[in-house]
Structures are given as C-alpha cells and as structure tokens.
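Q: Hi! I have a structure open and would like to talk through a few parts of it. Could you help me find my way around?

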Amino acid sequence: MSINYCSAEEAVRLIEDGDHVYIQGSTSTPEVLVKALADRGSELRNVTLYSAFAVTKGPAPYCKPEYKESFLVDSFFVSNAVRQWIDEGYGTMTPRFLGEVPALFRDGTCRVDVVLLNCSMPNEDGFVSFGVSADLATSAVECASRVIAQINPHMPFSYGDPVIKLEDCAAVVEVNEPLVEVPTAVPTEKEIRIGNYIAERIPDGATLQIGVGGIPNAVIRALSNHKHLGLHTEAMTDGVLPLLESGVIDNSQKKVYPGKSIASLALGSRRLYDYMDGNKDIIFKDVAWTNNPFVIAQNPKVMSINSCLEIDLTGQVCADSIGTRIFSSVGGQHDFVYGSSQSEGGLSFLAMLATTNKGMSKIKPILTPGAGVVTTRFQTNYVVTEYGAVNLRGKNLAERAKLMISIAAPEAREELERAAAERFGYSFLRLK
C-alpha cells in the first residue's frame, strides 16, 4: 500500500462541506495543516472543528468573522486558540469530563470524519507516533474515515496507544516545525508554602497525578527527598523531570504498569520532549483509560493534586469558569479526585492562592453566579492555600465553613464569618 505524500494545500482538499474534523491538541496542534484548512474558508461550509486541551502559537486562523459560516468551533476544552472566539459567541463548547469524550466519538454521539495529526518521523517498522498527545487523538483516529498527518522531526516518538502506520493515512505532509514550548512555571513564595503543605502529607510509595502550573511545580520541588514515587497522570510536564532523573519517581510500587510512567499528554520544553523521545519507560495512553477512576484506584496511595479558581464555604469547587465565562474545562480533575478516593491510602488536594491578582478572596460564601461546580462538596478532600491545608472529609457544613475560613486571606475572614453565621446559624456559632 503506497503512502500519499502531498502538500498541506492538497491534503486539506480531502475535507468536504459538513465534515466533522478533530484537531490534535496539547502542544502538538498541526498548525501547518490548520493554516491550510483555514485558507479554504471561503470555499467550505458547515465544517465542525473539534478541539480539546491545546496550547498553540496564537489564536486559531479559522477563528475569523468571515469564516463563521465555514467553520463551527466546538471545543471540549477551551484553550488559548479558541477562547476569545467562544467568548464572542461564534464558537461553543461541549461539557464533558475529558476522559469521557472518547466515548462520544466511539458511540457516534459526536461524529468524526477527519483527523488532523502532528506526528513523529516513522520508525523502522513504518509507524509514526502522535508524540505528546494521545488523549483524544487515539479515539478520534479510531473513528475517522480520513486521517491527515503532518510528519515532523521535532515530534518525539512516544510508546503506547498513539501510533499509526503511514499507509493508513489518507494524506501525509512533511513539515519541519518546532513544537510549542511551555515554560516551566517558577513557584512564588506563596506557592512554595502551598507545595510544602501538600508534600508533607504525601507518603513514600505514592502514585502522583499532578496538574499544570506554579503550585504543582512547587509540590514537585518539595518531593525531592521522597522515595519510590509513581506517576499516573493526565498531563506530563517539565516539573517531573528532576524526580524521574533522580530516581525519586521509579514507579516501583504501582500496581498498574509497574516500572512505567503513565500519561495521556505532555506539554513543556524541548528538554521534556527529548526525554520522552523513544523512552520505553514512559507510556502514553488514551485519556479514556488514563482518566478512568477505576483504573486510577487500582494503584495504592494515589495523590491527586489540582488547582482551581474558587471554592465556597461548603467545599464546592469551580475550576472551569469565571462566573458565566467558560475559561477552560473540567479536564481530569473530577476523575482523579474520585479515583484517589477509591485508592487504598489515596488523597486529593485542591490548591489555590487565597486571593486573585486583584486581591479578591477565592474562598467565597457562595460561588460567583454562573460558576460551574467541577468537584462537588461531596467529593472534596484537602483544600490548600498559602495559609494552610484543611481536610473536609467527614466534616459537616458548619465545620467545613470554619475550616475554609481558617485558610482564607486574613482580610476576608470577618466577612466570611458573618456569611457563615447567617447561613448555618447556631451550628456554626457553637464552633467558635
């Protein structure tokens, strides 16, 4: 079977009016193909573009008013590429736990006709790898009738689910395009305090799920003296490299893929991509599997560490929106919070700075109107700010309010006390 090498302009001519197209995410958006597709905007109509968690060089080129009848953006995770477009009402998003999106593809709820991929160079057996993004790409490729791949020497070859033979692609475009790099967030003094509060509660032999940003990196920095940690996470970042290279993460006590680090996607620097390239100790899997709470729970001492935007006095967590404005999406937070609760010795941590950049408290009497509840108060375990860590597990509403106020910014506590007393009455006042 021959391989159809062609230009990007020729490749995207395989896309027709009314098609549903999945665009690979993470830091591997196939931007050469995306640009060629956008350039066809004047001649296409009603092409649905699915996107997910992605970090791109800038706004997507198809997000232009003149293309509003050409491309319908339907995102499962609102990324920088499409955020403004969705804010303006041209695009939309489909709410779903990220780990459940593959089922939408597989059962036909969300049709996939075409997949645009950014792949590694082929190995000796003719396989290319999706590299840093197995997440939704694995299921999308499985369901699509046409796969268009750009092969790229900058893409690492990762092992596990994200591989395809070149002859199974409808079109192959050769590119030489560096991946987007995400600088490692340097933790602030406040974030370092949060990291220390979390790290001191993590035992040796734990299996880590770590989110993205300054707070997760602060946790990682505080784990350098731990032993025999494992990694089963949604997103792999530069932050874990020191723990992998030093042997702190050796995956020796995991039950699922012992000896292997597990992730669904990666985003970081060239150093991370080079470390991944051809590394058989790192396995990338379909997000439906990595984020399956019942798979997660098979590992002992699962430590789920995620950030959020705001939390109310009862422990309701918003992590996807600012009021009614969708800022991101759920990702894997819910899946790992639940999975860790079912793991023997597992814990979950929801961490945030106590105030916004404008000095507003992120601990609120009630969530901002319109804010989405990502983790319910029935699931919240540890909540951590720079003022401490509190465990809400098994606590009643009044007790939760008292604990939450104790880790709020000092200047916000009086107002929160008044709101708690009004809401919970004597059950709260008797705790004073």
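Q: Let's begin with Ala 263: which residue stands opposite it in S16?
A: Phe 284 is the residue opposite Ala 263. Before we go on, please keep in mind that this is a predicted model.

Q: Noted. How many bridges are there between S14 and S16, and in which sense do they pair?
A: There are 3 bridges, and S14 pairs with S16 (residues 282–284) in the parallel sense.

Q: What sheet do they belong to, and in what order do the strands come?
A: It's an open sheet of 3 strands with parallel pairing, in the order S8-S16-S14. At the edges are S8 (159–160) and S14 (261–263), each of which pairs on one side only.

Q: Moving on to S24 and S25: do they run parallel or antiparallel?
A: They run antiparallel, with 4 bridges joining S24 (residues 382–385) to S25 (residues 388–391).

Q: New topic, aromatics. How many aromatic pairs are found in the whole structure?
A: The search gives 11 aromatic pairs. One of them is Trp 85 with Tyr 90: the ring centres are 4.3 Å apart and the planes are at 15°, so this pair is stacked.

Q: Are those two buried or exposed?
A: Trp 85 is buried, at 5% relative accessible area. Tyr 90 is partly exposed, at 34%.

Q: What about Tyr 257 and Trp 289, how are their rings arranged?
A: That pair is edge-to-face, because the planes are at 90°, with the centres 5.6 Å apart. Tyr 257 sits in the loop between H8 (241–246) and S14, while Trp 289 is in H10 (residues 287–290), so the pair ties together parts that are 32 residues apart in sequence.

Q: How accessible are Tyr 257 and Trp 289?
A: Tyr 257 is partly exposed at 36% relative accessibility, and Trp 289 is also partly exposed, at 23%.

Q: Which residues do ring pairs link into a cluster?
A: Tyr 22, Tyr 50, Phe 76 and Phe 105.

Q: I work with cysteines a lot. Where is Cys 308?
A: Cys 308 is in the loop between S17 (302–307) and S18 (310–312).

Q: Why does Cys 308 count as buried?
A: Because its relative accessibility is 8%, and the cut-off for buried is under 20%.

Q: What is Cys 308 in contact with, leaving aside neighbours within four places in sequence?
A: Its contacts are Val 317, Cys 318, Ala 319, Leu 350, Ala 351 and Met 352. There is also a C-alpha separation of 9.1 Å between Cys 308 and Val 374, which are 66 residues apart along the chain.

Q: Let's look at a helix. Why is H7 described as largely enclosed?
A: Because 7 of the 8 residues of H7 (residues 214–221) are buried, so the helix is largely enclosed by the rest of the structure. Those buried residues are Gly 214, Ile 215, Pro 216, Asn 217, Ala 218, Val 219 and Ile 220.

Q: And what do the buried residues of H7 pack against?
A: They pack against helices H6 (189–199) and H8, plus strands S11 (207–210), S17 and S22 (347–351).

Q: How many cavities of 30 Å³ or more does the structure hold?
A: There is 1. The largest cavity has about 50 Å³ of space.

Q: Which residues line the largest cavity?
A: The lining consists of Thr 27, Ser 28, Thr 29, Glu 31, Lys 57, Asn 118, Glu 177, Pro 178, Leu 179 and Val 180. By class, that lining has 3 nonpolar, 4 polar and 3 charged residues.

Technical notes. Residues numbered from 1 in each chain as written. Predicted model: local features only at pLDDT ≥ 70, side-chain atom pairs only at ≥ 80, totals over all residues. Heavy atoms only, no water. Pairing = 2+ DSSP bridges. Helix = DSSP H or I, 4+ residues; strand = E, 2+ residues; numbered from the N terminus. Buried < 20%, exposed > 50% of the residue type's maximum accessible area, 1.4 Å probe, protein only. Contact = heavy atoms within 4.5 Å. 1 Å grid on protein atoms, 1.4 Å probe; cavity = no way out; pocket = protein on both sides within 12 Å on 5 of 7 lines; lining within 4 Å. Points joined across faces, edges and corners; volume = space filled by probe spheres on them. Nonpolar A, V, L, I, M, F, W, Y, C, P; charged D, E, K, R; others polar. Phe/Tyr/Trp six-rings, centres within 6.5 Å; stacked < 30°, edge-to-face > 60°.
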